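These are my notebook entries on a structure that I looked up for the first time. I set down what I found, topic by topic.

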Amino acid sequence: MRALALLLSLGLALAQEYRALSGAPTGWPKLDQSYALVYEAEAPKAVLLLVPGLLGGSTNFALLAEHLRREAPWLEVWAWERRANGLEDRRGFLAQDPLAYYQSLPEPDLSPLRDWGLEVHLKDLDLAVEAARKRAPVVLAGHSLGASLATLYAFRHGEKLRGLVLLDGSLRLAQGAIGREVDRETLARGLSTPFGRFPGLEDLLQGRADPVFRLPFLGPQDLALAEAEAFLAAKRPLEPVPFGPYRATREARALLRVDDHYSLFPIFSVSVGRAWAREGFSLLGLLQGRPVLTVRGPRGRLVEWWDTGEATDPRAFLLAFARPETGFSEWYFPYRLLLEVAGYPLVAEDLKPRPLPYPVLALGAGRGLLTRPEDFRLGATFPNTPARAAILPNLTHLDLLTEREGRTARALLDYLEGR
């Protein structure tokens, strides 16, 4: 499947190349690789290697990478993808109707995911860093759960880097995703929470637990369909399509899935405008304790979309959301990785807070996960290390990567130029 994707990438007249990178051997030769969407520079002075968060793919960083490359031709940007992306069947993006293709998406063999925990991903990331170092010194930047993975990499291999950036993520947040601090009992046997049961390694490794991390309405098929919808909306934004008992433009239907006014999942929402429609409040949103809007019908002939000048440009976002060779999401995120990142002190005893020989930058989002500089706990994580945390106001967790004004890019470039 990824061989097809690599061939596709060669035919795209774009300023980036999708590459397969060597991965740690786990007994699955065709899957023992990670991937990178590379925005190559002619003679790079530095490589910024970006690590996506939970359920994130390489094109999370497409708009940020384009900002960076426009303002800094000397910078090469690598947007990394974890190995589970190799399980995705992306042939639907070559079909006449990608939505119809993914309506009946068969799941691949998911058994390899049981072997893909923290150690495998840290080895994959190390091989990606080594490949990037052949081009120029590497600065590692992680978003959300990717910030946790980047931090753990720096605990083990910090001397291989020239800098470290945390984008609205920290190790503490990984533990919060599980529901509490992970002790040996939780790691082995899991725990029950008000949101359901989180299995432990015993059930996972013995095949009694789903190896894929899933949320309601955010399973692999949901993520594939969202990418397909965005893919079509970028091509034909104003085309009328069914929307429940009404009709909507393609771009309105696609953006209603992800906009912060309408999304049931704030962590996966962006600020991209507003629907021109009659609105009401979502019952599921009210049950979450927050006002989530829902569309009750069109004001005119169609439900349409307005660009109201919010943080992220809606059409630029759609263009970045899904491309034939790579997408915005990681459809088959390994649950074992999430569990072992949360319980990392029990998984690898060498992973401990340490000083780094360069400054650390942390950027939070005013409407994201870490809204105060002290939330990053940089002094405890990297003792005796120069560190700075800043919060970019009025941005959601994902706006930090997609915002149109280039505030995130400028903050990163100020840091990189200092390195």
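**Entry 1: Salt bridges**

I began with aspartate 89, which is buried, with a relative accessible area of 8%. I take buried to be under 20% relative accessible area, exposed over 50%, and partly exposed in between (1.4 Å probe, protein chains only). I note that this is a predicted model, in which local features need pLDDT of at least 70 and side-chain atom pairs count only at pLDDT 80 or more, while totals for chains, interfaces and linings use all residues. Residues are numbered from 1 along each chain as its sequence is written, and side-chain values use heavy atoms, with hydrogens and water left out.

The partner of aspartate 89 is arginine 91, and their side chains meet in a salt bridge at 2.9 Å, N to O. I use the term for a side-chain nitrogen of Lys or Arg within 4 Å of a carboxyl oxygen of Asp or Glu. Arginine 91 is partly exposed, with a relative accessible area of 42%.

I then looked up the count, and by this rule it comes to 32 salt bridges. One of them joins arginine 82 to glutamate 330, with the closest N and O atoms 2.8 Å apart. This pair links distant parts of the chain, 248 residues apart. Arginine 82 lies in the loop between strand S4 (75-81) and helix H3 (98-102), and glutamate 330 in the loop between helix H12 (314-321) and helix H13 (335-342). I took helices (H or I, at least four residues) and strands (E, at least two) as DSSP runs, numbered from the N terminus. Both arginine 82 and glutamate 330 are buried.

Arginine 156 forms a salt bridge with glutamate 119, the closest N and O atoms being 2.9 Å apart. Here arginine 156 sits in helix H5 and glutamate 119 in helix H4 (residues 118-133), 37 residues apart. Arginine 156 is partly exposed at 22% relative accessible area, and glutamate 119 is partly exposed at 26%. I also recorded a network of salt bridges that links Asp126, Glu130, Arg133 and Lys160.

**Entry 2: Aromatic rings**

How many aromatic pairs does a search of the whole structure find? I noted 13. Rings of Phe, Tyr and Trp (its six-membered ring) pair if their centres lie within 6.5 Å; planes under 30 degrees apart count as stacked, over 60 as edge-to-face and the rest as tilted. Tyrosine 101 and tyrosine 102 form an edge-to-face pair, 5.0 Å centre to centre with 80° between the planes. Tyrosine 101 is partly exposed at 29% relative accessible area, whereas tyrosine 102 counts as buried at 0%.

Phenylalanine 155 and phenylalanine 382 are also edge-to-face, at 5.9 Å and 65°. They are 227 residues apart: phenylalanine 155 is in helix H5 (residues 145-157), and phenylalanine 382 is in the loop between helix H15 (378-381) and strand S15 (387-396). Phenylalanine 155 is buried at 5% relative accessibility, and phenylalanine 382 is buried at 1%.

Last, I looked up leucine 283, whose place is in helix H11 (residues 283-287). Leucine 283 is exposed, with a relative accessible area of 62%.
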